[in-house]
Amino acid sequence: MRKISVCAIAAALLIATGGVSEAQAAVVPVKTNRFCCNTMEEWKDKLQQINGNYDSIRELLSKFGCNNLPGIGLPELPELPEAPEGNLPEVELPDVNIPNLPEVPETPEESPEVAPEGQNQAYVYGLRITELVNEHRAAAGLAPVKYSAKLSEAAQVRAVEIEKSFSHTRPDGRYFSSVFAEHGISYRYSGENIAWGQKTPEEVVNAWMNSAGHRANILNEKFTELGVGYRQNAKGVKYFTQLFIY
């Protein structure tokens, strides 16, 4: 192996990398003893004495044919064989047990009318009485009235009050229509029907239709909304109210 002086190599590197000027490089002494270091650490120790750059030195030394420099003259790795052409063999995967998910029922196109929470007899009677009223209105060629839950809340208050005072005047002396303001109901005109003692919606509507004043409210062509109140006291006596507005 050809051996090169470390100082000579360092001087050549400094000139090549511009570490010193050409004038300064000309006076760098060149020693006559020649050798090659056996390990990279030995190279580094030698080169640090002349502030050499490790990566540049490595590149430079490779040009001098010193093949005991780590990383120089390494054997080439064998090429990996190419994958054979054609379909790869099938690999059988283990079975995985996945539980069957329950079928989700389809959503009906139209949801049936659902009674409000706390459905009670007053609500059931209210819908039935409204249905009977609209049958009489249809027979008279009139448009139907719409059942109003908010108006029925006011009518329910009146169903309790008529047990104390069976009148269109409330127990505190105010007229029945004052109940609308208490429930935030606005209207242009109103009417009220009251009754007690009947046992079914059919009986009470029939009684109202046989009374001229009550029938006039049921068949008033201007009314558009109806609220129904119902109460049964501890003795089993039933009280009914209707509130009409437009």
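Contact means heavy atoms within 4.5 Å.

## Basis of the model

This is a predicted model, in which local features need pLDDT of at least 70, side-chain atom pairs count only at pLDDT 80 or more, and totals for chains, interfaces and linings use all residues. Residues are numbered from 1 along each chain as its sequence is written, and side-chain values use heavy atoms, with hydrogens and water left out.

## Overall make-up

The protein has nine helices and four strands. Helices (H or I, at least four residues) and strands (E, at least two) are DSSP runs, numbered from the N terminus. Along the sequence, their order is α-α-α-α-α-β-α-α-β-α-α-β-β.

Of the protein's 246 residues, 33% count as buried. Buried means under 20% relative accessible area, exposed means over 50%, and partly exposed lies in between (1.4 Å probe, protein chains only). Among contacts between residues at least 6 apart in sequence, 64% join residues at least 24 apart.

## Arg158 in helix α6

Arg158 belongs to helix α6, which covers residues 149-164. Arg158 counts as buried because its relative accessibility is 0%. Leaving aside residues up to four places away in sequence, Arg158 touches Ser167, His168, Arg170, Phe176, Val179, Glu192 and Thr241.

## Helices α5 and α8

Two packed helices are described by the angle between their axes and the distance between the axes. Helix α5 (residues 121-139) packs against helix α8 (residues 201-209) at an angle of about 40°, and their axes are 9 Å apart. That makes α5 oblique to α8. Axes are lines fitted to C-alpha atoms, for helices over the stretch in contact, and angles run from 0 to 180 degrees between N-to-C directions. Angles under 35 degrees count as roughly parallel, over 145 as roughly antiparallel, 65 to 115 as roughly perpendicular, and the rest as oblique.

From α5, the contact is made by Tyr125, Arg128, Ile129, Leu132 and His136, and from α8 by Pro201, Glu202, Val204, Val205, Trp208 and Met209. By class, the contact of α5 with α8 has eight nonpolar, one polar and two charged residues. Ala, Val, Leu, Ile, Met, Phe, Trp, Tyr, Cys and Pro count as nonpolar, Asp, Glu, Lys and Arg as charged, and the others, Gly among them, as polar.

## The buried side of α8

Pro201, Val204, Val205, Trp208 and Met209 are the buried residues of α8. They lie on the same side of α8 because they cover an arc of only 135° around the axis. The arc is that of the directions from the helix axis to the C-beta atoms. The cover over the buried residues of α8 includes α5, β2 (190-196), α9 (212-218) and β4 (238-245).

With a relative accessible area of 43%, Glu131 is partly exposed. Glu131 and Lys146 are 15 residues apart in sequence, and 9.5 Å apart in space from C-alpha to C-alpha.

Gly191 is in strand β2, and at 5% relative accessibility Gly191 counts as buried. Gly191 and Ser177 are 14 residues apart along the chain, with their C-alpha atoms separated by 8.2 Å. Not counting residues up to four places away in sequence, Gly191 touches Phe176, Asn217, Phe223, Gln242, Leu243 and Phe244.
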